[in-house]
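Have a look at the model first, then read on.

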Amino acid sequence: MAQKQQRSVDPLRAKASEMRLAQQRAERRTRIIVISAVGLIVLAIIAAVGGVIWQQQSEVSAARNVEPSDVLGVYADGRPIVVNGNGVSAEPDPNLPTLTEYFDYSCHACADVDAALGEDLTTWASEGHYNLELQPVITVNMNYLKPATGASLVVAQKAPDKWIEFHHALLAYFRTQFQAGNGTVVQNLDPSWKQVKQIATEVGVPSDVVATFPVNAVESYLEASSNAWKDAQYSGRQPNQLGTPEFVKDHSSVVTLGKTIESTRESLKELFGFADSATQAPSDLPQSEATAPSRSDEEETQSTETTTGSD
């Protein structure tokens, strides 16, 4: 029986089939390469994000776990920051009279007085008219106080040429938050710490100094300074009316602020025996923040109500 003759294959169709197979193989290789590349990119992004998160967590952990004596240095015993003709330091000039200001970085009255009079006080001190002792204590005691005080003490040691501007900027920021009724940052510790670092960067504190700011290494410092303030026997202090800001001359007598900026400026110049040519428009000065220097449940409620906002 004769075999059926196989039909010849069309060469053009065979070539087209081979080309389709080759193209399919090429497309598969391309898909594999693209998928692999995308996978590598995703892994790199995950690794980078993870690295940033790890670094941030490490920074927070390091800032939380510091030895107060290491970071606060000479200020660890609760002493004030001093401004005089020699600059910013921890030591007063024994040949000058002294004006001490007790304040809380989370006290709105302190922030208001600093906005009205603070630059005059530090300028006059820098000109050598007196020692200005800036003494942080506890009155309102919002969480902003802790990183602000710690950073302030660090800058006073490591970047003293930036301290005056930084000090005023810390109080100015709190003033904006209080006036806006926004407690989102100032009532919370970590956001306050991050904000303090941002403020320092904005006024030019070197990054290596900002990197050393503690979250909260000042509890013992503030306890010591507040107890010393509370126990001090100053002439002119009203019984049971301890509040900030409080000004004291030569560690002996309370300086009463006038009702206006101008009257206060003139009385301070007269008190310390100097004059200048600067003038300011009269404006009412705020009253002191009369909060006892201790942290009770009642005060916790007061400080929460003083600046409102969502956590």
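Phe274 has a relative accessible area of 11%, so it's buried (under 20% relative accessible area; exposed is over 50% and partly exposed in between, with a 1.4 Å probe and protein chains only). Keep in mind that this is a predicted model: local features need pLDDT of at least 70, side-chain atom pairs count only at pLDDT 80 or more, and totals for chains, interfaces and linings use all residues. Residues are numbered from 1 along each chain as its sequence is written, and side-chain values use heavy atoms, with hydrogens and water left out.

**The ring pairs**
- Searching the whole structure turns up 10 aromatic pairs (rings of Phe, Tyr and Trp, the last by its six-membered ring, with centres within 6.5 Å; planes under 30 degrees apart are stacked, over 60 edge-to-face and the rest tilted).
- Tyr130 and Phe272 make a tilted pair, since their ring centres are 4.8 Å apart and their planes sit at 50°.
- That pair ties together parts 142 residues apart in sequence, because Tyr130 is in the loop between α3 (108-126) and β4 (131-136) while Phe272 is in helix α9 (residues 261-272) (helices are DSSP runs of H or I, at least four residues, and strands runs of E, at least two, numbered from the N terminus).

**Burial and the cluster**
- Tyr130 counts as buried at 1% relative accessibility, and Phe272 does at 9%.
- Trp124, Tyr130, Phe272 and Phe274 form one aromatic cluster.
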